[in-house]
Amino acid sequence: MDILRFITAGSVDDGKSTLIGRLLYDSKSILADQLEALEQQSKNKNAEGIDLAILTDGLRAEREQGITIDIAYRYFATPKRKFIIADAPGHIQYTRNMITGASNSELIIILVDARNGVTEQTRRHSIIASLLNIKNVVVAVNKMDLVNYDEDIFTKIKTDYQEIAHRLGLQQVSFFPISAFVGDNIVNTSEAMPWYKGESLLHYLETVEISHREYEQSRFQVQYVIRPQTEELHDYRGYAGQIISGTYAKGDEVIIYPQEQKTRISKIESAGEEVEQAFAHQPVVLHIEDDIDISRGDFFIKADETQPLINNDVEALVCWLDKRELSEGSKCLLQHRSRILKTIVKEIEYKIDVNTLEQVPADGTLKLNEIAKIRLRTASPVIYDDFKENETMGSAILIDETSNATVGALMMMR
């Protein structure tokens, strides 16, 4: 079975944690001891029935305040598909948590409270989904039971959101009227809304086709240089890593970056055996014909294909994740997969208003949760592709030199 990774997002109290709890509960993905603990904790809160949000709100502070603070990951499976769910916080100050969870998601469920309609956070999370290239968007209009299952309210919210989707270029958008608390249209379709003729949310998640747009150009980065230097393997020198995209075959002419030297692949090993060809996402050991000084982080690019960008000056969108402000002239480390480079922030060109997507003049600094277009200068060239074309080769992180904390998420561009 394949795996669907998705994230839930929305404003505070829209019912994200309850929705996930309902999916786990109604699909019978909760063990008996978990159910017993859930019932006991619900009683401690004087909740009417079972409080399904407790399943994901694991921190004590979250349970006490009734909000989600940190990203919570949950796993469950049906006979048709496996799922990894990220429950993202709704508060504005936890935008960085939401971006962290969304960066590995293939689908996003944006919850909208039927009583409140489309809000600022709805627009914010939709814009983040657009920036991160999440193709599949589900708008779940929750708490329909509190508006008497009114079709007109659902239709108005759908119309309002379609305007946002059109502006952001979101094309694969689906709408579901639900009640996570009651269970309407979650696992099974509800008789309470006879006007809704669509499928249940779980059935959609089980059957939706996730378009994995594979980047066709071949990319391979060295993770480890294997040099045993034993008597039986005296001359063995292999370059281990995972093929990022494309294919590699014995005899292919490749260019080694950043050295920009040409050579040919003499042998490919996979799972301890020699193979003629290897494919995207496959871990391999590549051997080359020539003796070239190659280190961890270097790239093998096929010579007859589109070459990556190679620059010391890099433009990127960054989401700032640190409480300390980023300012022009700041020094940090840029980690692009296994390659780490010293870098300096040359310019913060403009900030992006995540409520309107408009460009806002920068004042030379960047605060926690803000997104901006920046220009970096690196000590050594960065080998990358535009994030819009190849997310894996176009994404990177910024690391604080002193604390080694991840302080920025980068989406590099041409």
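**View 1. The whole chain and its surface.** The chain exposes about 19800 Å², and carbon and sulfur atoms supply 45% of that area. Accessible areas come from the Shrake-Rupley method with a 1.4 Å probe; for residues, only the protein chains shown count as cover. This is a predicted model: local features need pLDDT of at least 70, side-chain atom pairs count only at pLDDT 80 or more, and totals for chains, interfaces and linings use all residues. Residues are numbered from 1 along each chain as its sequence is written, and side-chain values use heavy atoms, without hydrogens and water. The chain has eight helices and 25 strands. Both are DSSP runs, numbered from the N terminus: helices are H or I with at least four residues, strands are E with at least two.

**View 2. The loop around N188.** N188 sits in the loop between β6 (172-177) and α7 (201-207). Is N188 buried or exposed? It counts as exposed, because its relative accessibility is 55%. (Buried means under 20% relative accessible area, exposed over 50%, partly exposed in between, with a 1.4 Å probe and protein chains only.) Leaving aside neighbours within four places in sequence, N188 is in contact with G183 and S200. Contact means heavy atoms within 4.5 Å. E199 is eleven residues from N188 in sequence, and 8.0 Å away from C-alpha to C-alpha.

**View 3. Lining of the largest pocket.** A pocket is an open set of points on a 1 Å grid over the protein atoms alone, where a 1.4 Å probe fits, with protein on both sides within 12 Å along at least five of seven lines; lining residues have an atom within 4 Å of a point. The largest pocket is lined by 45 residues. S103, N104, E391, T392 and S395 lie nearest its centre. β25 gives the most to this lining, with five residues.
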